[in-house]
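This report goes through parts of one protein model. Please look at the structure shown here before reading on.

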Amino acid sequence: MIDIYFVSLGCDKNLVDSEKMLAILDHAGYRLAQEPEHADVIVVNTCAFIHDAKQESIETLLEMAEYKKKGTCRVLIAAGCLAERYKDEIQKEMPEIDGIIGTTAYDTVAQVVEQTLTGLSAVSMRELSYIPSGLTDRIRSGAGHVGYLKIGEGCSKNCSYCAIPSMRGRYRSVPMEELIEEAVKLTAGGVKELILVAQETTLYGVDLYGEKRLPELLEQLARIEAVRWIRILYCYPEEITEELAEEIRKNKKVCHYLDLPIQHCNDEILKKMGRRTNKKQLMEKIGMLRKRIPDIALRTTLISGFPGETEEQHEECVEFVKAMRFDRLGVFPYSPEEGTKAAGFEGQLEEEVKRQWADEIMETQQQVIFEANENMVGRRITVLVDGYLPEEDVYVARTYRDAPEIDGCVFFHSSAEILSGTMAELEVTDASGYDLIGMLCSEED
């Protein structure tokens with residue numbers, strides 16, 4: 001029996017690809033190893049979104065290559081974005097790697113493993129216009145009650161700072177019937193919260209059906225009885241329609257939560273970024289969402305230190321964060337990615353300045369979040385229990401306002417055991433930075 005150890009790096013979209021590869025390998029008769037030292041084959045599904053992600057991928061590949069040197073591992077395979085983007089460099093500079101799998105060829109993982117085990121090298125790549133289909137089986141690697149559903153692949157926006165189109169291709173939607181089948185299988189395996197992801201979820205359906213079909217997809221997914229929450233990530237502001245807002249408002253299973261990465265607010269910077277909104281439009285879209293859905297939680301991401309950004313433009317962004325009072329926010333210092341337009345722009349800023357500006361934005365956002373959390377004290381909230389921390393004797397949960405891994409948590413005690421995936425009612429008794437402290441009132445299931 002051949003044992004395979006799998007490492008998945010990067011985003012939740014990459015995680016979905018990894019879980020599908022695990023299912024393919026399992027169906028092919030391979031056994032999944034829990035530790036790299038026990039594996040005949042090691043597969044690393046890499047990320048190359050920004051510089052730090054590339055470094056992590058390279059370091060992980062080199063770390064896994066040590067098991068080949070020790071003689072415990074026979075084959076090392078690189079898959080995913082780094083493999084897609086730097087195939088030639090990997091072949092030239094990393095002889096430890098036996099197989100390379102591009103982003104649109106992950107469904108060939110079993111064949112690549114089989115070939116490399118015979119002592120031959122293997123490179124499996126496809127055109128970036130391709131999207132593997134019919135792969136609705138997955139072996140879950142994260143929390144059993146949370147499942148990511150990747151509804152599309154690639155991106156057609158071509159923002160000046162982003163390398164995603166060169167690694168993932170143009171936007172392609174997954175057929176709706178395939179997504180429903182996959183969601184049914186996820187919920188049969190215990191998933192209570194479905195999280196819809198893509199490079200851009202709001203364009204779902206335009207390529208297949210000639211129109212945006214995200215509202216319809218939400219309606220169809222809500223009919224799956226076992227689904228309790230449906231969460232939407234990665235919504236481009238210009239593509240958010242009133243129809244989508246209305247579906248979020250009226251659909252009882254869709255969380256009143258929206259992730260809309262705006263990247264900046266200054267019109268000149270937005271134009272240089274290749275974004276398709278300006279400050280006025282962003283404010284109007286945020287206003288529309290909050291008017292239609294008063295309790296909506298809005299998350300965004302920003303880029304600090306874009307080439308040519310001035311102190312005044314940065315301060316404008318800080319003031320915008322103060323005024324908009326986003327419920328959740330993340331900041332990335334600008335990373336010049338080779339092959340992108342922005343990497344060649346004049347006015348590249350020092351890393352120290354980019355990180356300082358990111359810190360200033362986050363400090364501003366902290367005040368917003370901390371004040372909002374203080375105002376939650378005394379309220380009753382519904383949470384989804386994520387797990388138990390035995391060293392602290394507390395349960396960890398989330399409200400609809402919090403996505404796993406990236407947002408805050410709610411901590412509470414219980415004398416009785418509570419299973420992960422249980423919905424519970426809490427009273428908020430205290431706030432602790434980004435997190436809340438609660439007291440258990442009741443369990444729903």
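## A salt bridge

A salt bridge is a side-chain nitrogen of Lys or Arg within 4 Å of a carboxyl oxygen of Asp or Glu. Side chains of opposite charge can pair when their charged atoms come close. By this rule the model has 43 salt bridges.

Lys20 forms a salt bridge with Glu182, and their closest N and O atoms are 3.3 Å apart. The pair links distant parts of the chain, with Lys20 in helix H1 (residues 12-27) and Glu182 in helix H7, 162 residues apart. Helices (H or I, at least four residues) and strands (E, at least two) are DSSP runs, numbered from the N terminus.

## Basis of the values

The model is predicted: local features need pLDDT of at least 70, side-chain atom pairs count only at pLDDT 80 or more, and totals for chains, interfaces and linings use all residues. Residues are numbered from 1 along each chain as its sequence is written, and side-chain values use heavy atoms, with hydrogens and water left out.

## Two packed helices

Helix H7 (residues 176-188) packs against helix H9 (residues 214-222) at an angle of about 30 degrees, and their axes are 10 Å apart. Axes are lines fitted to C-alpha atoms, for helices over the stretch in contact, and angles run from 0 to 180 degrees between N-to-C directions. H7 and H9 are therefore roughly parallel to each other (angles under 35 degrees count as such).

The contact (heavy atoms within 4.5 Å) is made by Met176, Leu179, Ile180 and Ala183 of H7, together with Glu216, Leu217, Gln220 and Leu221 of H9.

## The open sheet

Six strands form an open sheet in the order S2-S1-S3-S4-S5-S6, with parallel pairing. Two strands pair if DSSP finds at least two bridges between them. Strand S2 (31-32) and strand S6 (122-124) stand at the edges with a single partner strand each, so one side of each has no neighbour in the sheet.

Strand S4 (residues 75-80) and strand S5 (residues 99-101) run parallel and are joined by three bridges. Ala79 has Ile101 in S5 as its bridge partner. Helix H2 (residues 51-69) lies across strand S1 (3-8), strand S3 (41-46) and S4, and runs at about 180 degrees to S3.

## The barrel

Which strands close into a barrel? The five are in the order S15-S16-S17-S19-S18, and their pairing is mixed. From one strand to the next, the twist averages 50 degrees.

Five bridges pair strand S15 (residues 380-389) with strand S16 (residues 394-398) in the antiparallel sense. The bridge partner of Leu384 in S16 is Arg398.

How values were computed. Parallel < 35°, antiparallel > 145°, perpendicular 65-115°, else oblique.
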